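The following exercises are to be worked with the sequence and the three-dimensional model at hand. Each task is followed by a solution in steps.

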Amino acid sequence: LDHVGKNISIFGFSIAYYGIVIVTGMMIAIWIAQREAKRTGQNPEQYLDLAMIGIAAGILGARIYYVIFAWDYYKDDLSIFNIRQGGLAIYGGIIGACIAVVIYSRKKKQNFSLLMDTASMSIVFGQIMGRWGNFFNCEAFGGYTDSLLAMRIRRALVNDNMLNADVLNHRI
């Protein structure tokens, strides 16, 4: 994995491949939801509005969830607000987005179940793209394996606190 960098630089601003993958996933997920809305006779534009609210609430929820479970680290640290250093949890993202959909559905008098059903494949697709983002970040991988299909990442590229004892007992 030496040949795969973690970011590109555009006009001196560093953009992580992880971010590019995530944003691409968001755009395709919105397209999927709008296409499903059109297929089922709903207003596709509603899903663009809902995506903007859901994505913002999802990012906020993902950060809050992560910080809650790492409170000892963040309680006296202002980096609590710096998501560019990492620290987002998918569970919190889904919880935050679902809360936003509940509020949106009540305010707009829409059927919550229909909104979630229409967006469900988008959520699954977003999770798939997130895992590809994790690949570029060299994080969130499974246990050690020496199988033919093993993903091989140099140990120097991985943050040690992401490695469990099983992985640490083998040379990577």
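Buried means under 20% relative accessible area, exposed over 50%, and partly exposed in between (1.4 Å probe, protein chains only). The model is predicted: local features need pLDDT of at least 70, side-chain atom pairs count only at pLDDT 80 or more, and totals for chains, interfaces and linings use all residues. Residues are numbered from 1 along each chain as its sequence is written, and side-chain values use heavy atoms, with hydrogens and water left out.

**Exercise 1.** Determine which side chains meet in a salt bridge, and characterise their setting.

*Step 1.* A salt bridge is a side-chain nitrogen of Lys or Arg within 4 Å of a carboxyl oxygen of Asp or Glu. The structure holds one, formed by E36 and R39 at 2.8 Å, N to O.

*Step 2.* Both residues lie in helix α1 (residues 17-39), three residues apart, and therefore about one helical turn separates them. Helices (H or I, at least four residues) and strands (E, at least two) are DSSP runs, numbered from the N terminus.

*Step 3.* R39 is exposed, with a relative accessible area of 62%, whereas E36 is partly exposed at 23%.

**Exercise 2.** Describe the span and the packing of helix α4.

*Step 1.* Helix α4 (residues 90-107) has 18 residues and reaches 26 Å from first to last C-alpha, close to the expected 26 Å. The expected span is 1.5 Å times one less than the number of residues.

*Step 2.* Its buried residues are G92, G93, G96, A100, V101, Y104 and S105.

*Step 3.* These buried residues pack against α2 (44-68) and α5 (112-137), where contact means heavy atoms within 4.5 Å.
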